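Here is a short walk through one protein model. Keep the coordinates open and follow along.

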Amino acid sequence: MNDIQILGEIPLYGELCTQGSKNAVLPVMAASLLHKGVTVIENVPRIQDVSCMVKILERLGASVTWQDHHMEIDASDLSCFEIPLTDVKKMRSSIMVLGPLVARMGQAVTYYPGGCSIGKRPVDFHVKLLRDLGIVVEECDGRIEAKAGKYRGAQLRLDFPSVGATENAVMAAVGAEGETVIHGCAREPEIVELCLFLEQMGIETKGAGTSVIRVRGQKGLKDPHYHVCGDRIAAGTYLAAAAATGGEICLTDAPVSYMKATLQALAACGCELKTEGSRVRIRAPKKLSPLPFLETEVYPGFPTDMQSVFLALLCLADGDSLIRENIFEGRFETVGELRKMGADIEVDGREARIHAGGRLKGGQVTARDLRGGAALIVAGLAAAGETVVCHCEHVDRGYERITEDLSQLGARIKRREESVQ
Ligand code: UD1
């Protein structure tokens, strides 16, 4: 058990440095496999998902050193091409190792990650793109086996701009001869970051951040040295925490240009925001305004990863709000937990209507997933009395030092010792 205990209704004040981005570093680590050499990555967040990716790389034969936020991955000699099922179950995004591994080794084996609490999470788009590149992919009893001889660059098309499938296709295309053009790509910042990293390896890509990406297959790569950008979702979470508690904080190292939709939504709630370079300052209003309609969309729209946190935030507004979730079908699991804290939320399919309550009360709640857990912490910071958020191992998958960071901003928050249920 990993519980966090919070005494609520204390406004957050102060300054905090934004951690490195989880969703940017994971594909970059996977892409290190493309290169028979050493990859250096700076500003690596010390979170569970990164530890899990380290284990995967090590099992494949890479040697990894990771001190503070500095990581070196030596993938000169890989000895294995199978990602064990236990690692796949720990981290669904392990699927993104498939593309670079088959590009490097000519074969790769992984397992179907299966559904999770935010939705079904199939990998059919990933498999289709690899097949369209001429890689043979067989699926049997949850096992996915990819094999490739020499394969040529091709025209690929995504029917939906999946972030992970775009990343996998870009990395697999590095192993092709000639140019691959991927149409219908996701435009998320993490894809731009992956292509910046590939450029440092000497791989030519064009169009990252647009819906058409071109990748030129390449051998003889260089040792890259990459600095991970700030985490736009962690930054958004801390800003929302300040908004929920009526506080005023400043974040440094925030990827401000990647956060427009979140900043706009916070401004629409009545928060005062000021940005300067990579600094963003937020001052909460006396009373938060409701949002009559907020929907999650692919980038540059409002991110699905901020949805649960806004669900918590909007419980505190002085009017009714509506959130529509368009990306993951099961992402309202946290509603049941927020109700235990006095929230009045109705869910109808992909929509959640949040009735104005203006207040939340402390209680014992359970984190069901990473962002849902963060939302409960935000709710706990604003709620009257004490809140215990159980199963915060989900939160530790993506937030580096959530209790320490919030304490630094004045929150009364701590880990609860091991407890028996
Ligand atoms: C990534 C992010 C995650 C974020 C999500 C959407 C990482 C490690 N994770 O996840 O935090 O919430 O983008 O911004 O970067 N889909 C299929 N078939 C597939 C792949 C996806 O149907 O083969 C569906 C998914 O079920 C989902 C939608 O497409 O409904 C979007 O998923 P996708 O963009 O692939 O998300 P991830 O890459 O898994």
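Is R59 buried, partly exposed or exposed? R59 is partly exposed, because its relative accessible area is 39%. Here buried means under 20% relative accessible area, exposed means over 50%, and partly exposed lies in between, with a 1.4 Å probe and protein chains only. The areas come from the Shrake-Rupley method with a 1.4 Å probe, and for residues only the protein chains shown count as cover.

A word on the source. This is a predicted model, in which local features need pLDDT of at least 70 and side-chain atom pairs count only at pLDDT 80 or more, while totals for chains, interfaces and linings use all residues. Residues are numbered from 1 along each chain as its sequence is written, and side-chain values use heavy atoms, with hydrogens and water left out.

Now the partner of R59. The side chains of R59 and D87 form a salt bridge, at 2.5 Å from N to O. The term means a side-chain nitrogen of Lys or Arg within 4 Å of a carboxyl oxygen of Asp or Glu. R59 sits in helix α2 (residues 48–59) and D87 in helix α3 (residues 85–90), so the pair ties together parts that are 28 residues apart in sequence. Helices (H or I, at least four residues) and strands (E, at least two) are DSSP runs, numbered from the N terminus. D87 is buried, because its relative accessible area is 0%.

By this rule the model has 25 salt bridges. One of them joins the side chains of E139 and R131, at 3.4 Å from N to O. E139 is partly exposed at 44% relative accessibility. R131 is partly exposed too, with a relative accessible area of 39%.

Another salt bridge links E145 and K147, at 3.8 Å from N to O. E145 is partly exposed at 25%, and K147 is partly exposed at 45%.

D320, D344, E346 and D348 form a negative surface patch. Patch members have over 30% relative accessible area and no salt bridge; like charges are joined within 9 Å, and nonpolar side chains (Val, Leu, Ile, Met, Phe, Trp, Tyr) within 5 Å. Asp and Glu count as negative, Lys and Arg as positive; His and the chain ends are not counted. Each charge is placed at NZ of Lys, CZ of Arg, CG of Asp or CD of Glu. E346 belongs to strand β19 (residues 345–348). Its relative accessibility is 45%, so E346 counts as partly exposed.

Turn to G153. This residue lies in the loop between β8 (143–147) and β9 (155–157). G153 is partly exposed, at 24% relative accessibility. Leaving out residues up to four places away in sequence, G153 touches L133, A176, E177, G178, E179 and T180; contact means heavy atoms within 4.5 Å. G153 and R216 are 63 residues apart in sequence, yet 7.8 Å apart in space, C-alpha to C-alpha.

Last, the backbone. Most residues other than glycine have a negative phi, and most peptide bonds are trans. E9 has a positive phi of about 65° although it is not a glycine. E9 lies in the loop between β1 (3–7) and β2 (13–17). H391 has a positive phi of about 60° and is not a glycine either. H391 lies in the loop between β22 (386–390) and α13 (393–396). The peptide bond from Y299 to P300 is cis, with omega near 10°. P300 lies in the loop between β17 (294–295) and α10 (307–314).
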